[in-house]
Amino acid sequence: YKRQNKKELSSLIRNGMMFIKEATSKKDIKTFVKFPFSIHKNSKYWVPPIISEEVNVFDKKKNPVLADSDVRLFLAYKNEVLVGRIAAIINWIEVNEQGLRKIRFGWMDMINDLEVTKALLSKVNSIGISQKMDYMEGPMGFSNLDKVGVLTYGYEEIGKMITWYNPPYYVDHFKKLNFKVEKEYVEHKFKVKDILFETHERLQGLIKKRYNLRALSFNKTKDVLVYADRMFDLFNDSFASLSSFVKIPDIQKDHLKKKFLSFINPEYIKFVINGSNELVAFSVIMPSYSTAFQKINGNIFPFGLYHIFKAKKSKTVDLYLIGVRPEYQKKGVHAIIFNEFQKTFEKHKISECRMTPVLADNVAMRNMWTDYKLKLTKKRCTFRKELK
């Protein structure tokens, strides 16, 4: 865009043609972040991000994940109107340590115009070729802690603050452009009243005794932070075998501790340790902020903090993370965590728990929930295409 002659660009606009502009200035990046507000403004199911927080995601000074990743942001214009956006991402840990010559794309939104979608993805294709990548995959963020997947089922179910939302035509565009499904994700929810807590209570007692384990629950954030680094290490170990996993580097751990752990009610974080004081399992849930974020509509001020504070008393919670050390998997350790959550659910009168996206081929995770009356709420997937 910067190289384009202004005269040439004016000609494109006059003739109703489309052009792609790279978002590099603060103003452009804010435009990039705010674009989906126009796409989803009438949706009852889209959960808007906090604009200031989303802008910070693309700031190297504020997001340490960018120390190991490159990102370029693009805006599509047609007839002088903004009609689409996309982020082209290379995670160099994934490329150099896992040998995956992949360029990611994410933060992708566009009007229902196949030409726009094609132009945006062509930009990612060109960058991928210039960096000697083999294929592109998305939509996805920088790592496993980011949003992932285009929605394929569950369009009439409210989203979460850590998932993307899209109308059905997004999927149609990928298929028409000959993209293939690469990974599939599922989301479920369950009613707390349907949980057989008596079963977990009996089982967790046996598991504790057999493997010399004990549960840790917290009332103060400072007590959680003592175990924070071990939690992220366990997260890396628990999910290392999954096809999509990229480890959390040390530089990102401090950022996550400050940004997320200090924000979460410590009662909603559960750990299990063994006789050697080693962390063998963990889980993190949060009150659902979906409705609050819809009311905030991207802006913390003037009333955003009020809605967030009010949402902390939500009777619906979202299960964000759960991990079990590989050698303790398939041994019923999750029953200890569920038993601890029972006490928290009862105390706060929680009625429903929603699960965040889980890889459909994550058998170990699915097996944890065999005793639950799960209801499938959403399906999503990433799409892949070879570069050429």
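Is the crossing of α9 and α10 left-handed or right-handed? It's right-handed, and the views below give the details. This is a predicted model, where local features need pLDDT of at least 70, side-chain atom pairs count only at pLDDT 80 or more, and totals for chains, interfaces and linings use all residues. Residues are numbered from 1 along each chain as its sequence is written, and side-chain values use heavy atoms, with hydrogens and water left out.

**View A. Helix α9 (residues 228–239) against helix α10 (residues 250–261).** The axes come within 10 Å and cross at roughly 110°. That makes α9 roughly perpendicular to α10 (65 to 115 degrees; under 35 is roughly parallel, over 145 roughly antiparallel, the rest oblique). Axes are lines fitted to C-alpha atoms over the stretch in contact, with angles from 0 to 180 degrees between N-to-C directions. Helices here are DSSP runs of H or I, at least four residues, numbered from the N terminus.

**View B. Who touches whom between α9 and α10.** On α9 it's Ala-228, Asp-229, Met-231, Phe-232 and Asp-233, and on α10 it's Lys-253, Leu-256, Lys-257 and Leu-261 (contact means heavy atoms within 4.5 Å).

**View C. Helix α7 (residues 197–211) packed on helix α13 (residues 334–348).** Here the angle is about 130°, with the axes 8 Å apart. That makes α7 oblique to α13. The crossing of this pair is left-handed (near helix turned anticlockwise from the far one by less than a right angle; clockwise is right-handed).

**View D. The α7 and α13 contact up close.** Among the residues involved are Phe-197, His-200 and Ile-207 of α7, plus Ile-336, Phe-338 and Phe-345 of α13.

How values were computed. Helices (H or I, at least four residues) and strands (E, at least two) are DSSP runs, numbered from the N terminus.
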